Amino acid sequence: MARQDYLFTSESVSEGHPDKVCDRISDTVVDAFLSRLPEARVACETLATTNRVVIAGETRGPAEISHDLLAHKARMAIKDIGYEQDGFHWETAKIDVYLHAQSADIAQGVDAANNKDEGAGDQGIMFGYACRETPELMPAPILFSHKILRVLAEARKSGKEPALGPDAKSQVTVRYADGKPMGITSIVLSTQHLDETLTSDDIKAMVTPYITDCLPDGWISSETAWHVNPTGKFVIGGPDGDCGLTGRKIIVDTYGGAAPHGGGAFSGKDPTKVDRSAAYASRYLAKNVVAADLADRCTIQLSYAIGVAEPLSVYVDLHGTGRVDEAKLESGLREVMNLTPRGIREHLQLNKPIYARTAAYGHFGREPEADGGFSWEKTDLVDALRGIIS
């Protein structure tokens, strides 16, 4: 039997964290191609260090998307994040673009031809998860770790807290009783600050009201431990303080360690790559299972082979909370959604420039947007799922 009383911790990082700067730039490249050609192919990686950005990878798309244009878009992404410091400045950073044509060997496996449907862009396993811990059907520790950083970023960008810098990390430890989140035992925040005279106590006094306001009433108590800028001064931040790379924060991107993660990262990949699209589909299905009241917790795994359209397996684990047979549900999921790469993209309308916004504060637990952003967070399969298992 699973433990019912325990502590669980998740972390998040801000949009100005070096790795997230790289995720943002890589997804900006994806959006640039999809905005001109919805069927474009992109596999893009970014490295960022002191006043230097390197973008590399493979693409297939319109020739008018030049390296100069992509360098400009990367510069504008850095500006939007807020970097204007000596060691990393949107205006002066050197940006090199080394993108080349997609491999013909990969393309022939993915492209549809004759009677062959479009195949997966690579082999791999992808997981989706949902639970009743929060209204967003997400685990509480990762949801609130994200929320703390989003609230502080809004305060920084609005001018309310100009002393805050773009680079930050949060960590929240939640106390569970009888399997339900009941309170927070510790909060960790390390945030860059632009005023060198500020102490850890000064930063704590600044951020505490924002953190308190974004957490549930009663979750912070006199016993909650606070660790704000525990190492002291944090002035040198972002890629100037630590080299960044695309795809190094995959647990931050998903469920904070409360559920499995598949083999691949998301950012920098167009939606033919099942690392991204099938992970979105898995979350979409798991969320709809829980929203349909078929279970209180749901994990779904999908697996694929490169060049093969249909998933090799569909696995459902309801963690002992289900009100439906798991094997029956596995069959039912294939009925309510076409789980080929093409089927996923068409169902969730993923061939749109909607990815730069996913690069920070998690790909899941967000609100679906009018232009198709975060479409995988919809719960529009509830009736179909109930009909399948009735």
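Predicted model: local features only at pLDDT ≥ 70, side-chain atom pairs only at ≥ 80, totals over all residues.
1. Helix α8 spans residues 326–336, and its buried residues are Leu329, Gly332, Leu333 and Val336. These residues lie on the same side of α8, because the arc they cover around the axis is only 110 degrees.

2. The buried residues of α8 have several packing partners: the helices α7 (274–291), α9 (341–348) and α10 (382–389), together with the strands β12 (297–304) and β13 (313–317).

3. At the N-terminal end, α8 is capped by Asp325. A side-chain oxygen of Asp325 is placed 3.2 Å from the backbone nitrogen of Ala327.

4. His363 belongs to the loop between α9 and α10. Its relative accessible area is 0%, so His363 counts as buried, the cut-off being under 20%. The His363 side chain reaches the backbone oxygen of Thr358 at 3.3 Å.

5. With neighbours within four places in sequence left aside, the residues in contact with His363 are Asp253, Phe266, Ser267, Arg276, Tyr280, Thr358, Phe374, Trp376 and Glu377.

6. Two packed helices are described by the angle between their axes and the distance between the axes. For α7 and α10, the axes come within 9 Å and cross at roughly 70 degrees. The two helices are therefore roughly perpendicular, a class that runs from 65 to 115 degrees.

7. In this contact, α7 contributes Asn288, Val289 and Ala291, which meet Val382, Leu385 and Arg386 of α10. By class, the contact of α7 with α10 has 4 nonpolar residues, 1 polar and 1 charged.

Technical notes. Residues numbered from 1 in each chain as written. Heavy atoms only, no water. Buried < 20%, exposed > 50% of the residue type's maximum accessible area, 1.4 Å probe, protein only. Helix = DSSP H or I, 4+ residues; strand = E, 2+ residues; numbered from the N terminus. Arc of directions from axis to C-beta. Contact = heavy atoms within 4.5 Å. Polar contact = N/O pair within 3.5 Å; in protein donor to acceptor, adjacent residues only side chain to side chain. Axes fitted to C-alpha atoms, helices over the stretch in contact; angles between N-to-C directions. Parallel < 35°, antiparallel > 145°, perpendicular 65-115°, else oblique. Nonpolar A, V, L, I, M, F, W, Y, C, P; charged D, E, K, R; others polar.
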